[in-house]
Amino acid sequence: MAKEVKMKDIAERLHISTMTVSKALSGKPGVSESLRERIKALAMEMGYVFPRVDKNSEKKSYNIGVLLAEYYTEKYITFYWKLYQNINMTAVKQNCFVMLEILNSEDEKNLTIPKLVCENKIDGLLVLGGIESSYLKMLNEKVALPIVYMDFYDDSIHEDSIISNNFYGTYQITNYLFQKGHREIAFVGTLFSTKSITDRFLGYEKAMMEHGERIKQEWIIPDRESERETRGEITLPDEMPTAFVCNCDLTASTLIKKLQEAGYRVPEDISVVGFDDYLYPGACNVGVTSYGVNMEHMAAKGVEVMIHKLEGVHHHKGLHIVDGYLIEKESVLEKKSP
């Protein structure tokens, strides 16, 4: 039985993108007439079967792959599982189907192309959570499918990325602490370990500068040794602040336990805020005030951008920033004036 010819096969023969082939065969703009005729002629020569068009359906159906690094599945319930669920629900509403592939560490290290891509099961790929730059570069060079990054970006590769408003979110939640009377505020997060943490630190720094507060070096506290480590050892400073801004809620929960072990009460003695508004059940005995990531909007934007790429709709390529919201819980107490 002859192998079914895919758009990717035509693209490889002509050394062009699958998107260009799709535009040409569907009659969409963005392809010169001479190239369109070459593509159509080769498609007929190779035996490409044009898909049936359901005239009763206004929406096309696409298969969207989601690639998630194995590292992020270590916890039974994680932030990325929740985001994946939102992507799935959003895609179904758009008449699309989602398939998940877990990228194990060995395949990531060996730059192995995802099976969903090799087996021609998907039309586009959402990469969920940070993956090594070398692997992303391989995807960019060898995968002739639209790709969208979710919850991270990589400066070395110009690709569509959907991220939360890391800078403004931490700026807002630091200002919230100032409104509660706090001025001695520390930041917990290892700078440059991820772009998100660095962006969040810069939001904290802007708020501190605007209020005329100098940031003490000992109040910039690391929480991990590498990008993939989410729970490192946190060392409390000798001179304690009245509040901490944490780069994520998981770090906030670790810090709160550390403070409690040292005899401090949260929030009676020290206030703590986080980022994400997401903790798995039982991670902390204090509700963490946080800047919440709007997962529904992030998922919707990711699917929207993917469909635009698949259909050749013009859109601004680059960072797509999704605003979140402040969530007040139990971990902050107003500081009384002396």
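This is a predicted model: local features need pLDDT of at least 70, side-chain atom pairs count only at pLDDT 80 or more; totals for chains, interfaces and linings use all residues.

Q: Switching to electrostatics: how many salt bridges does the structure hold?
A: There are 15 salt bridges in the structure. In general, side chains of opposite charge can pair when their charged atoms come close.

Q: Which residue does glutamate 213 form a salt bridge with?
A: Its partner is arginine 183, and the closest N and O atoms are 2.7 Å apart. Glutamate 213 sits in the loop between α9 (195-210) and β7 (220-221), while arginine 183 sits in the loop between α8 (166-179) and β6 (185-188), so the pair ties together parts that are 30 residues apart in sequence.

Q: How accessible is glutamate 213, and how accessible is arginine 183?
A: Glutamate 213 is partly exposed at 23% relative accessibility. Arginine 183 is partly exposed too, with a relative accessible area of 39%.

Q: Where do glutamate 304 and lysine 301 lie?
A: Both are in helix α11 (residues 295-311), three residues apart, which is about one turn of the helix. Glutamate 304 is partly exposed, with a relative accessible area of 36%, and lysine 301 is partly exposed at 26%.

Q: Which residues do salt bridges with shared partners join into one network?
A: Glu159, Asp160, Lys309 and Lys317 are joined that way.

Q: What is the N to O distance between glutamate 119 and lysine 121?
A: The closest N and O atoms are 3.0 Å apart, and the two residues form a salt bridge. Glutamate 119 is partly exposed, with a relative accessible area of 46%, and lysine 121 is partly exposed, with 41%.

Q: How far apart are the mean positions of the positive and negative charges?
A: The mean positions are 5 Å apart, for 40 positive and 49 negative charges in the chain.

Q: Now backbone geometry. Which peptide bond is cis at proline 267?
A: The bond from valine 266 to proline 267 is cis, with omega near 10°. Proline 267 lies in the loop between α10 (249-261) and β9.

Q: What is phi of asparagine 95?
A: Phi of asparagine 95 is near 65°, a positive value in a residue other than glycine. Asparagine 95 lies in the loop between α4 (79-93) and β2 (97-103), and it is partly exposed at 30% relative accessibility.

Q: And aspartate 276: where does it lie, and is it buried or exposed?
A: Aspartate 276 lies in strand β9. With a relative accessible area of 15%, aspartate 276 is buried. Phi of aspartate 276 is also positive, near 115°.

Q: Last topic, the whole chain. How many helices and strands are there?
A: The chain has 11 helices and 12 strands. Along its principal axes, the C-alpha trace spans about 85 × 35 × 35 Å.

Q: What share of the residues counts as buried?
A: Of the 338 residues, 51% count as buried. The chain exposes about 17300 Å², with carbon and sulfur atoms supplying 50% of that.

Q: And what share of the contacts comes from residues 24 or more positions apart?
A: Such residues account for 68% of the contacts in the chain with a separation of 6 or more.

Notes: Residues are numbered from 1 along each chain as its sequence is written. Side-chain values use heavy atoms; hydrogens and water are left out. A salt bridge is a side-chain nitrogen of Lys or Arg within 4 Å of a carboxyl oxygen of Asp or Glu. Buried means under 20% relative accessible area, exposed over 50%, partly exposed in between (1.4 Å probe, protein chains only). Helices (H or I, at least four residues) and strands (E, at least two) are DSSP runs, numbered from the N terminus. Contact means heavy atoms within 4.5 Å. Accessible areas come from the Shrake-Rupley method with a 1.4 Å probe; for residues, only the protein chains shown count as cover. Lys and Arg count as positive and Asp and Glu as negative; His and the chain ends are not counted. The place of a charge is taken as NZ of Lys, CZ of Arg, CG of Asp or CD of Glu.
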